[in-house]
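Biologist: I would like to learn how to read the features of a model like this one, going from the whole chain down to single residues. Could we take them in turn?

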Amino acid sequence: MSKAKTGWSETNPSYEENYLMEIPVNTPSPIGEGWVYPALFNTADTWLLVSETALGKTYCGTRLKYNTKAHALQVTFPQTEEVFPNGALNPESKLPWFTPWRIITIGDLKTITESTLGTDLAEKAIDIDTSFIETGLSSWSWVLLKDNFTTFETSMKFIDYASDMRWPFCLIDADWDTKIGFEKMKKLVDYAASKNVKINVWYNSSGSWNSTPYHPKGKLLTHEDRASEFKKLNDIGVSGVKIDFFGGDGQSMIAYYHDILKDAATHKLMVNFHGATLPRGWQRTYPHLVTVEAIKGEEFITFVQENADLQPSHCAMLPFSRNAFDPMDFTPMVLDSIPNITRKTTPAFELALPTLFLSGIQHIAEIPEAMEKQPQFVRDYLKAIPANWDDSKFIAGYPGKFVIMARKKGDSWFITGINGENTVKKISIDLSFITKEKGFIITDNDNNGFSQTTLEPSAIMTINMKEHGGFVMKF
């Protein structure tokens, strides 16, 4: 857990610190504010995943902090600064009062990764017409091109890119309200619709709790504000909002999340929270909450080399912890290059991420010029990736070292794996559940590119993963 009111423009905390691995329970938190959920523990052959779910608007988000007198981790409340202006920090309610669940999943790593406890105990879905909710991949210019490319012309290019890749979405990021404007945004939405693409737009959630300059800002602070702004988006045909820079886990800030989600449901807008808390099962309660960041994701890899150096082990840890229950907008996959950064992962490692990570919308970091460099079989694979799965199976792995998962959509299985370590891995995996006669595997070749091979399923298959490499299979 980060220190509130620190970081760029006082935007902490937003669950964007690196995870520490293989440390004793009594290790002091390096920042001094404890540890976020989900927290993964191991003793002998048993694993325990501790988290929280069903967090209502009358309670605060909690975290874990070591109590030196009790010699144990304890649940603790937020820092004083983590509030909506003049709002409550600690829980406040009238009876009857339902507190969130604190949950512990206990078992082996298969139990941890396949558990649905975090959604089983979440509040049931609100009464909502779900016909406007859609999942899939999205183009997005900001993560690699940054602020200067939030323009009408670049947005047109990324709409074409999404259409060419058969992705249903294009996200237009910060400052669109002045750099493009509502009138031209309507033209973009109409053009996108003609290409079978939907437009989502960025908002700054914040009022006075940080000094972020990006806008639209201060437009969502009250019910009346949201009703006015969301109607404007309805009028021009926008399909969803990405809302950034929240102020922490105090009870009043948690209530703000709920109020936004309820008003977005009324206006049939999908929601993506960034600079945000762990959603704690909200995706069940509010089906239009398609994803939430709450992770040190791809944008941080583009900022400094240190984050790129940690990426392989960081990504290999996430299916066992942060992404075990709740959707995670990591914004994955750079197949070519990151400006001013040396990427430590192979192309096949990156190609694996959109099916390894779970997110209702996968915002793809790669730009169209780099996608055009890729083999046709890679582009074809990326044109048919679901973001909403019928089943998932843990195949093999160890947190931070490697992970292989299988996910099913309809009658197709996607098997995907990454190597978080700088050593070659040769792994035998059980694919006896595959009934398709043939499939294919895409993996790394010897020239920092891709190779594709036809596969006939067998009960036991041997996989070779390069250092920081990966693979994808489809049957």
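**Reading the backbone and the core**

Modeller: Let us begin with a proline, P38, which sits in the segment before β1 (39-43), and keep in mind that the model is a predicted one.

Biologist: What is the geometry of the peptide bond from Y37 to P38, cis or trans?

Modeller: Most peptide bonds are trans, and most residues other than glycine have a negative phi. The bond from Y37 to P38 is cis, with omega near -10 degrees, and the bond from H215 to P216 is also cis, with omega near 10 degrees. P216 belongs to the loop between β8 (198-204) and α7 (223-236).

Biologist: How should I read the overall dimensions, and what radius of gyration does the chain have?

Modeller: A compact globule of 475 residues would have a radius of gyration near 23 Å, and because the chain has 22 Å, the value agrees with that expectation. The C-alpha trace spans about 60 × 60 × 45 Å along its principal axes, and the chain holds 14 helices and 20 strands. Of contacts between residues at least 6 apart in sequence, 72% join residues at least 24 apart.

Biologist: Which residues touch the most other members of the largest nonpolar core?

Modeller: In soluble globular proteins, nonpolar side chains tend to be buried together. Here the largest nonpolar core has 111 residues, and M185, F273, L351 and L382 touch the most other members; helix α8 (residues 251-266) supplies the largest share of this core, 7 residues. Setting aside neighbours within four places in sequence, L351 contacts residues including M333, L335, V378, Y381 and F450. Another core, of 19 residues, lies apart from the largest one, and among its members are A396, I429, I434 and F471.

Biologist: Where does E306 lie, and is it buried or exposed?

Modeller: E306 is in helix α11 (residues 305-317), and its relative accessible area of 54% is over the 50% limit, so E306 is exposed. The C-alpha atoms of E306 and I341 are 9.5 Å apart, although 35 residues separate them along the chain.

Key:
Residues are numbered from 1 along each chain as its sequence is written. This is a predicted model: local features need pLDDT of at least 70, side-chain atom pairs count only at pLDDT 80 or more; totals for chains, interfaces and linings use all residues. Side-chain values use heavy atoms; hydrogens and water are left out. Helices (H or I, at least four residues) and strands (E, at least two) are DSSP runs, numbered from the N terminus. The radius of gyration is taken over C-alpha atoms; the globule rule is 2.2 Å times the number of residues to the power 0.38. Contact means heavy atoms within 4.5 Å. A nonpolar core is a set of buried Ala, Val, Leu, Ile, Met, Phe, Trp, Tyr and Cys residues joined through side-chain atoms within 4.5 Å. Buried means under 20% relative accessible area, exposed over 50%, partly exposed in between (1.4 Å probe, protein chains only).
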